[in-house]
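Reader: I have a model open on my screen and I'd like to learn how to read it. Can you walk me through it?

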Amino acid sequence: MGFPTKFKLFKIAGIQVQMHSSFVIFLLYDIFFVGAKDFRLAATVAAVVWLSVLLHEFGHCFGARRVGGDAREILMWPLGGLAMCEAPQTPWAQFVTTACGPLVTLILTLIGFFLRGPLESYGYQPWLLATVLFGANLAMLIFNVVPAYPLDGGRMFQELLWLRLGYQRSLRWAVRVSFPFAIG
């Protein structure tokens, strides 16, 4: 029996959340090297980003369930999260499943934005938390909606094309459009 590649963390609404073992290495790096300069900042950023990515993935899961599909697992790893969703193979169901992740990220961005001002009077820590919530989610939102397949923006682009071109042709076009983003 070898080293486990993922660890079960908890289960919410029938969705098992797991962490890939490489994520532990990423967290240790963040704590020891980034956190050496300002541990509170490093820990705050790591916690807010991790929770934001997790909520984004739950958005995909609940989106899939909303359109008649299912989702039973989320895997957290250094490059983000993976929601294992099974939505019906229709353009609309796939689009809703995909769009619900960025929608959650947009909501978190707005919450962070609107909390920054009022929390400024409560001191550095609450203001920092709101600022990190805003900045981290804004960055994730911008990156994630780039129309580069397989990011959510590229998937939504493909799913919209699917309505007119069919699945195969829409997928080919989404991949073609992704190349300049990959090179850039």
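This is a predicted model: local features need pLDDT of at least 70, side-chain atom pairs count only at pLDDT 80 or more; totals for chains, interfaces and linings use all residues.

Reader: Fine, layout then. How many helices and strands are there in the protein?

Author: The protein has six helices and four strands. Along the sequence they come in the pattern β-β-α-α-β-β-α-α-α-α. The C-alpha trace spans about 55 × 50 × 35 Å along its principal axes. Of the 184 residues, 36% are buried.

Reader: And what share of the contacts joins residues 24 or more positions apart?

Author: Among contacts with a separation of 6 or more, 55% are between residues 24 or more positions apart.

Reader: On to pockets. What is the general idea behind finding one?

Author: Rolling a probe the size of a water molecule over the atoms shows where empty space is left. Here, the largest pocket has a volume of about 660 Å³. Its lining counts 25 residues, and E57, G81, L82, N144 and D152 are the ones nearest the centre.

Reader: Which element gives the most to that lining of the largest pocket?

Author: That's β4, with six residues. The elements that give two or more residues are α2 (39-66), β4 (80-86), α3 (91-120), α4 (124-144) and α5. By class, the lining of the largest pocket has 13 nonpolar, nine polar and three charged residues.

Reader: What about the second largest pocket, what volume does it have?

Author: About 230 Å³. It is lined by 15 residues, with F23, F26, V49, W50 and P78 nearest its centre. Helix α2 gives the most, five residues, and α1 (21-34), α2 and β3 (70-77) each supply at least two.

Reader: Now a helix pair. At what angle do α5 and α6 pack?

Author: Helix α5 (residues 152-165) and helix α6 (residues 167-183) pack at about 140°, and their axes are 8 Å apart. The crossing of α5 past α6 is right-handed. From α5 the contact uses G154, F157, Q158, L161, W162 and L165, while α6 brings Y167, R169, S170, L171, W173, A174 and V177. Sorted by class, the contact residues are nine nonpolar, three polar and one charged.

Reader: Good one. And the backbone, which peptide bond is cis?

Author: Look at the bond from Y149 to P150: that peptide bond is cis, with omega near 15°. P150 is in the loop between α4 and α5.

Reader: What phi does A13 have?

Author: A positive one, about 50°, although A13 is not a glycine. You'll find A13 in the loop between β1 (6-12) and β2 (15-20).

Notes. Residues are numbered from 1 along each chain as its sequence is written. Side-chain values use heavy atoms; hydrogens and water are left out. Axes are lines fitted to C-alpha atoms, for helices over the stretch in contact, and angles run from 0 to 180 degrees between N-to-C directions. A crossing is left-handed if the near helix is turned anticlockwise from the far one by less than a right angle, and right-handed if clockwise. Contact means heavy atoms within 4.5 Å. Ala, Val, Leu, Ile, Met, Phe, Trp, Tyr, Cys and Pro count as nonpolar, Asp, Glu, Lys and Arg as charged, and the others, Gly among them, as polar. On a 1 Å grid over the protein atoms alone, a cavity is a set of points where a 1.4 Å probe fits but cannot get out, and a pocket is an open set with protein on both sides within 12 Å along at least five of seven lines; lining residues have an atom within 4 Å of a point. Grid points are joined across faces, edges and corners, and a volume is the space filled by probe spheres set on the points. Buried means under 20% relative accessible area, exposed over 50%, partly exposed in between (1.4 Å probe, protein chains only).
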